[in-house]
Amino acid sequence: RRIKKEDFMNLQMIFRVNGGILFANGLSFLLLTETFLGMAGFNMTPELQTLAEAMGVSLISIGLLSWRTPDIAGEAMSSYGQIYGIIGVLWVLLIGYHAATGQASGPPVYGNLAINAVLAGLFFMYSKK
């Protein structure tokens with residue numbers, strides 16, 4: 001039997017991968033705040049710690065939504081995929097801007113830039129009706 005692309009890659013899998021990455025980033029912001037943001041060139045302040053913790057909970061929440069979307073979206077899954085594609089593009093634009101202006105740098109920035117670009121493209125490609 002030939003292995004087909006559909007055997008390992010589909011919209012449901014993209015939602016799950018996206019959810020897992022968002023969850024991991026959220027945990028990094030929440031539990032490894034100083035290390036994670038330090039790798040991106042940020043100096044830790046109490047205010048940044050508070051903001052990063054809120055970002056962590058937000059990313060974990062969106063990750064849970066992404067993970068569960070295939071189970072609850074039904075016939076609307078392609079529409080949700082397009083929305084998640086747009087969200088990915090927004091992240092690419094914001095992270096790219098921060099990288100281009102020197103506001104952030106390092107592995108978290110460039111890794112997330114690449115991951116969001118790939119996931120946005122996959123969401124759009126697999127959400128075509």
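Read along the sequence, the protein chain shows the pattern α-α-α-α-α-α. The model is predicted: local features require pLDDT of at least 70, side-chain atom pairs count only at pLDDT 80 or more, and totals for chains, interfaces and linings use all residues. Residues are numbered from 1 along each chain as its sequence is written, and side-chain values use heavy atoms, with hydrogens and water left out.

**Exercise 1. The chain as a whole**

State how many helices and strands the protein chain has, and what percentage of its residues count as buried.

*Solution.* Step 1: Helices (H or I, at least four residues) and strands (E, at least two) are DSSP runs, numbered from the N terminus. The protein chain has six helices and zero strands.

Step 1: Buried means under 20% relative accessible area, exposed means over 50%, and partly exposed lies in between (1.4 Å probe, protein chains only). Of the 129 residues of the protein chain, 34% are buried.

Step 2: Along the principal axes, the C-alpha atoms of the protein chain fill a box of roughly 55 × 30 × 30 Å.

**Exercise 2. The partners of helix H2**

Determine how H2 is oriented relative to H4, to H5 and to H6.

*Solution.* Step 1: Two packed helices are described by the angle between their axes and the distance between the axes. Axes are lines fitted to C-alpha atoms, for helices over the stretch in contact, and angles run from 0 to 180 degrees between N-to-C directions. Angles under 35 degrees count as roughly parallel, over 145 as roughly antiparallel, 65 to 115 as roughly perpendicular, and the rest as oblique.

Step 1: Helix H2 (residues 11-31) packs against helix H4 (residues 46-72) at an angle of about 165°, and their axes are 7 Å apart. H2 and H4 are therefore roughly antiparallel. Their contact has 14 nonpolar, 10 polar and three charged residues. In this classification, Ala, Val, Leu, Ile, Met, Phe, Trp, Tyr, Cys and Pro count as nonpolar, Asp, Glu, Lys and Arg as charged, and the others, Gly among them, as polar.

Step 2: The axes of H2 and H5 cross at roughly 40° and come within 11 Å. H2 is therefore oblique to H5.

Step 3: H2 and H6 pack at about 155°, with axes 10 Å apart. This pair is therefore roughly antiparallel.

Step 4: A crossing is left-handed if the near helix is turned anticlockwise from the far one by less than a right angle, and right-handed if clockwise. H2 passes H4 in a left-handed crossing.

**Exercise 3. A cluster of rings**

Identify the residues that ring pairs link into a cluster.

*Solution.* Step 1: Rings of Phe, Tyr and Trp (its six-membered ring) pair if their centres lie within 6.5 Å; planes under 30 degrees apart count as stacked, over 60 as edge-to-face, and the rest as tilted. By this rule there are four aromatic pairs.

Step 1: One of them joins Phe-15 and Tyr-84 edge-to-face, at 5.2 Å centre to centre and with 85° between the planes. Phe-15 lies in helix H2 and Tyr-84 in helix H5, so this pair ties together parts that are 69 residues apart in sequence. Both Phe-15 and Tyr-84 are buried.

Step 2: Tyr-84 and Phe-123 form a tilted pair, with 5.6 Å centre to centre and 35° between the planes. Here Tyr-84 in helix H5 is linked with Phe-123 in helix H6 (residues 107-126), 39 residues apart.

Step 3: The cluster therefore consists of Phe-15, Tyr-84 and Phe-123, linked by ring pairs. Tyr-84 is buried because its relative accessible area is 10%, and Phe-123 is buried because its relative accessibility is 1%.

**Exercise 4. Individual residues**

Classify Arg-16, Met-44 and Ala-100 as buried, partly exposed or exposed.

*Solution.* Step 1: Arg-16 is found in helix H2. Its relative accessible area is 14%, so Arg-16 is buried. A charge sits over a ring if NZ of Lys or CZ of Arg is within 6 Å of the ring centre and within 35 degrees of the ring normal. Arg-16 lies over the face of Trp-67, at 5.1 Å from the ring centre.

Step 1: Met-44 lies in the loop between helix H3 (33-39) and H4. With 26% relative accessibility, Met-44 is partly exposed.

Step 2: Ala-100 belongs to helix H5 (residues 77-100). Its relative accessible area is 68%, so Ala-100 is exposed.
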